[in-house]
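Student: Let's go through some labels and ask what stands behind each.
Tutor: Here is the model.
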Amino acid sequence: MSARAGLVVHQMEREGVPLLYLAPKKALKVPGVLVAHGYAGSKQLMLGYAHVLAHAGYAVMLWDFDSHAANHKPLQRNSLSANLEVAYAALVAQPEVDASRLATLGHSMGSGAVMTAAIDNDNRYDATVAISPTSAYVTTKAPRNLQLQAGSWESRFIANAQRLLKQAGGENKNLVDGKGREFVVIPNAEHITILFNNQSHQAAKNWLNATFGVQRQSNYVDRRMFWYALHLLAWLAVLGAVAPNLAVSSATPKARNLQRSFGLLIAPFVATCVLMLLSRVSDIESLGGVLVGGAIAIWFGVAGIAWLIVMSQLPIPTLRATFVGIALFLVLWIGFGVMAQVVWLQWWLIPLRLALFPLLVLACLPWFLASGVAQQNLGLGKRILWWFGQSTVLVGGFILVLYLLPQLGFISLLLPVFPIMMAIFSFAASLLNEPVSYAIGSTMFFGWTLAATFPLAR
């Protein structure tokens, strides 16, 4: 709420593109900034930059690219540029905006879009900020006043930024003539966390201030992710408090240690082999109706089936366990997602995504059933070891997928997220200690996350 204090905030839609506009209240003829998200991102993911810039005196327009977040239109060859033009037209139509003073800012896939737009329209945009930059045909003249940023933990994008800087003529402080060039390495940040890093926000703001002349003084620091984390922890505490009253007794026999461990180790190899076979007969990137996310769901499903077979276990659901699983899903859905909607993630599913949700849940269910069986009746120390083991196997398994199926390369950017997700699931497993209820709740939550995050394939 404090992030939006003193700002004008409007949701709108133009030509099917969902837009979000932020500007200082009572502003008059201030510079405008177009802010573009990356692959599998959303306008919410870029709100850190939007709030910092809006409080500093800029009018900011964000949007969802085709097939991303709340935009249901299919991603096509010209989608990025077409969507950006829609956002541009909406931005300059706002009464607070000085259309003669504009800038662009983009992350990853969005960085390529904004650099290309600034190159093609070099008289339209006075500055461009490219965060974790991809490729563009930059020159010593275009785009005007280019700042490149990359996190110190994303070496591939550091190398790309250095290449772009050299191609653009190297470091240059001549912003008056539009020849400014700068490369900023953001410490202790990777491809996702850079978006929530205050040093990245302030570097972008300072570059635009230097381009347009100092705007209003602002000490705003975007701390919304702290409150989001606190909100999530509070709901996990609620889960810890009520779970003992929901616990379901289980007749599932405990799997042997050797079966559990061997099943976990062999599962990623089986799942990866199946993905390789599927890649020969279909487009592996668009399986299940979502780009990349469908392949991830199938990997989890096949890995889970292999794990269950090795353990020779198949828990039988009961009505009570099913209801407890749904209750677990609701608590995780609220704790993780409700505030995410206004902080960093498009959590509400549009109809096309909602239709894919059950399919993704069914695909992922075997993994969480196997995980629930493996973790049943374990003590705290062994649960921690199993969390570490599952996280290691998942990260290692998907590294193998990336080596054999490089077209799924986006998965590499998600590897740091798996241990965090597994920690939440392991906590839930320790509270319920029953594989069916744990599997239903965790799978529904994970399936919803896949449906919400990845671009639509149609």
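Tutor: On a 1 Å grid over the protein atoms alone, a cavity is a set of points where a 1.4 Å probe fits but cannot get out; lining residues have an atom within 4 Å of a point. A volume is the space filled by probe spheres set on the points, which are joined across faces, edges and corners. This is a predicted model: local features need pLDDT of at least 70, side-chain atom pairs 80 or more, while totals for chains, interfaces and linings use all residues. Residues are numbered from 1 along each chain, and side-chain values use heavy atoms, without hydrogens and water.
Student: How many cavities of 30 Å³ or more does the structure hold?
Tutor: One. The largest cavity has a volume of about 30 Å³.
Student: Which residues line the largest cavity?
Tutor: Gly-372, Gln-375, Gln-376, Ala-429, Asn-433, Glu-434, Pro-435 and Tyr-438. Helices α11 (351–375) and α14 (435–453) each give two or more residues to that lining. Helices (H or I, at least four residues) and strands (E, at least two) are DSSP runs, numbered from the N terminus.
Student: Why does Glu-13 count as exposed?
Tutor: Exposed means over 50% relative accessible area, with a 1.4 Å probe and protein chains only. Glu-13 has 54% relative accessibility, so Glu-13 counts as exposed.
Student: Where is Glu-13 placed, and what is Glu-13 in contact with, leaving aside its neighbours within four places in sequence?
Tutor: Glu-13 is in strand β1 (residues 7–14). Contact means heavy atoms within 4.5 Å. Beyond those neighbours, Glu-13 is in contact with Pro-18 and Leu-19.

How values were computed. 1 Å grid on protein atoms, 1.4 Å probe; cavity = no way out; pocket = protein on both sides within 12 Å on 5 of 7 lines; lining within 4 Å. Buried < 20%, exposed > 50% of the residue type's maximum accessible area, 1.4 Å probe, protein only.
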